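Please examine the sequence and the structure shown below.

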Amino acid sequence: MAEQPDELKKLAAITSDLEFASELRTQAIEQLGTIGSHEALLILLDIVANERLTTKERELALERAKKIVKSSHQ
């Protein structure tokens, strides 16, 4: 289980690092959505609130967060 928190930390770092290309940050957001855990949801919500990121990245993070919430209620 220790792998997942490390992976989440790495993905969170990628999504917030403006030195990386937008495509790489987008891939990290997609991966967080795939993980689908509560921790991934919290990271996605942090991404949505990060005004330094592009609107496209923030909207994608919101879409992935919505999917996680919906899947947890089924």
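Axes are lines fitted to C-alpha atoms, for helices over the stretch in contact, and angles run from 0 to 180 degrees between N-to-C directions. This is a predicted model, in which local features need pLDDT of at least 70 and side-chain atom pairs count only at pLDDT 80 or more, while totals for chains, interfaces and linings use all residues. Residues are numbered from 1 along each chain as its sequence is written, and side-chain values use heavy atoms, with hydrogens and water left out. Helices (H or I, at least four residues) and strands (E, at least two) are DSSP runs, numbered from the N terminus.

Two packed helices are described by the angle between their axes and the distance between the axes. For α2 and α3, the axes come within 8 Å and cross at roughly 145°. The crossing of α2 past α3 is left-handed; a crossing has this hand if the near helix is turned anticlockwise from the far one by less than a right angle, and is right-handed if clockwise. On the α2 side, I29, L32, G33 and I35 make the contact, and they meet A40, I43, L44 and I47 of α3. Contact here means heavy atoms within 4.5 Å.

Each of these two helices may now be taken in turn. The 14 residues of α2 reach 20 Å from the first C-alpha to the last, close to the 20 Å expected at 1.5 Å a residue. The expected span of a helix is 1.5 Å times one less than its number of residues. Within α2, the buried residues are R25, T26, A28, I29 and L32. Seen down the axis of α2, these buried residues fall within an arc of 160°, so they line one face of the helix. The arc is that of the directions from the helix axis to the C-beta atoms. E23, Q27 and T34 are exposed on the other side of α2. Buried means under 20% relative accessible area and exposed over 50%, with partly exposed in between (1.4 Å probe, protein chains only). Just after α2, G36 takes a positive phi of about 70°.

The loop between α2 and α3 also holds S37. At 15% relative accessibility, S37 counts as buried. Leaving aside neighbours within four places in sequence, S37 is in contact with Q4, L8 and I68.

Helix α3 has twelve residues and reaches 17 Å from its first C-alpha to its last, close to the 16 Å expected at 1.5 Å a residue. Its buried residues are A40, L41, I43, L44 and I47. Viewed down the axis of α3, they fall within an arc of 165°, so they line one face of the helix. The face of α3 turned away from this buried side carries the exposed residues H38, D46 and A49. In the loop between α3 and α4 lies N50, which counts as buried because its relative accessibility is 16%. Beyond its neighbours within four places in sequence, N50 is in contact with S16 and R58.

The 18 residues of α4 should span 26 Å at 1.5 Å a residue, and its end C-alpha atoms are 26 Å apart, which agrees. Buried in α4 are E57, L60, A61, R64, A65 and I68. Down the axis of α4, these residues fall within an arc of 135°, so they line one face of the helix. The buried residues of α4 pack against α2 and α3. On the other side of α4, T55, K56 and K70 are exposed. For T55, the relative accessibility is 52%. I68, by contrast, is buried, with a relative accessible area of 7%. Not counting residues up to four places away in sequence, I68 touches L32, G33, G36, S37, L41 and L44. The C-alpha atoms of I68 and L41 are separated by 6.8 Å, although the two residues are 27 residues apart along the chain.

L44 is in contact with I29, L32, G33, A61, R64, A65 and I68, leaving aside its neighbours within four places in sequence.
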